[in-house]
Amino acid sequence: MTGHDPLLVRRTRGGARAVVGASLLAGSLLAGLLLAGCGDDGSAEVKLSAAGQRGKAVAEAKGCQSCHTVDGRRSMGPTWQGLAGSQVQLADGSTVTADDAYIEQAIRDPRSQVRAGFENMMPVAYGDLTEESMADLVAYIREVSGS
Ligand code: HEC
């Protein structure tokens, strides 16, 4: 460290700290504004359409969230983040596009297409969903996919 002016070093460090402090402050203000702007649970969620909101209620009523997240984390089942429109690899080695029809079939008849890397443990009891609830649920999954 010879040749460095200790005062200059100190001044530079102080300056860096001030900059970090200021951007942290700005960051938390921004986060506060974002949180204030979105709904009841305070998480940074995408804005849902009316159908998406109804679908979310269906998902909650059916307990889908006990196995699926919407934030990218793997749970018992795959996350719904990024699902819609993506290429999904199935346990039989084939690849399918996760369009609405795929998502609907995955809910109505989970055994028909099992995702690679996951256990086939999704309950098969969702065949009783009405057409409308199913459409809402698919809309919800599409919207939280963020894709
Ligand atoms: C007991 C845990 C469990 C519950 C409850 C559950 N799932 Fe699943 N789900 C899974 C697992 C595990 C997979 C992956 C295996 C497969 O493809 O069947 C999966 C796959 C899926 C897929 C295909 C996802 C992909 O990435 O290919 C969709 C869509 C889905 N579930 C929707 C739902 C919906 C909607 C509900 C509620 C009505 C629900 N799941 C409830 C465990 C569950």
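A residue is called buried if 20 or more other C-beta atoms lie within 10 Å of its own, exposed if 12 or fewer do, and partly exposed in between, with C-beta atoms placed from the backbone. You'll find Gly117 in the loop between helix 3 and helix 4. Its C-alpha atom is separated by 9.6 Å from that of Gly77, and the two are 40 residues apart along the chain.

Before going on, keep in mind that this is a predicted model: local features need pLDDT of at least 70 and side-chain atom pairs count only at pLDDT 80 or more, while totals for chains, interfaces and linings use all residues. Residues are numbered from 1 along each chain as its sequence is written.

Now for the overall layout. The protein chain has four helices and two strands, and from the N terminus on they run α-α-β-β-α-α. Helices (H or I, at least four residues) and strands (E, at least two) are DSSP runs, numbered from the N terminus. Of the 147 residues in the protein chain, buried ones make up 18%. Two residues are in contact if their C-beta atoms, placed from the backbone, lie within 7 Å. Look at the contacts with a separation of 6 or more, and 54% of them are accounted for by residues 24 or more positions apart.

Let's move to helix 3 (100-108). Ile103, Ala106 and Ile107 are buried there. They cover an arc of only 95° around the axis, so they sit on the same side of helix 3; the arc is that of the directions from the helix axis to the C-beta atoms. The buried residues of helix 3 pack against helix 4.

Why is Ala98 buried? Because it has 23 C-beta neighbours inside 10 Å. Leaving aside neighbours within four places in sequence, Ala98 is in contact with Leu83, Ala84, Gly85, Ser86, Val88 and Ile103.

How do helix 2 and helix 4 cross? Their axes come within 7 Å and cross at roughly 105°, which means that helix 2 is roughly perpendicular to helix 4. Axes here are lines fitted to C-alpha atoms, for helices over the stretch in contact, and angles run from 0 to 180 degrees between N-to-C directions. Angles of 65 to 115 degrees count as roughly perpendicular, under 35 as roughly parallel, over 145 as roughly antiparallel and the rest as oblique. The residues of this contact of helix 2 with helix 4 divide into seven nonpolar, three polar and four charged. In that count, Ala, Val, Leu, Ile, Met, Phe, Trp, Tyr, Cys and Pro are nonpolar, Asp, Glu, Lys and Arg are charged, and the others, Gly among them, are polar.

Finally, there's the ligand. Which of the 28 residues around it come nearest? They are Cys64, Cys67, Gly77, Pro78 and Met122. A residue is near a molecule or strand if its C-beta atom, placed from the backbone, lies within 6 Å of it. The shell's residues divide into 20 nonpolar, five polar and three charged. Helix 2 (50-62), helix 3 and helix 4 (131-145) each supply at least two residues of this shell, and helix 3 gives the most, with three.
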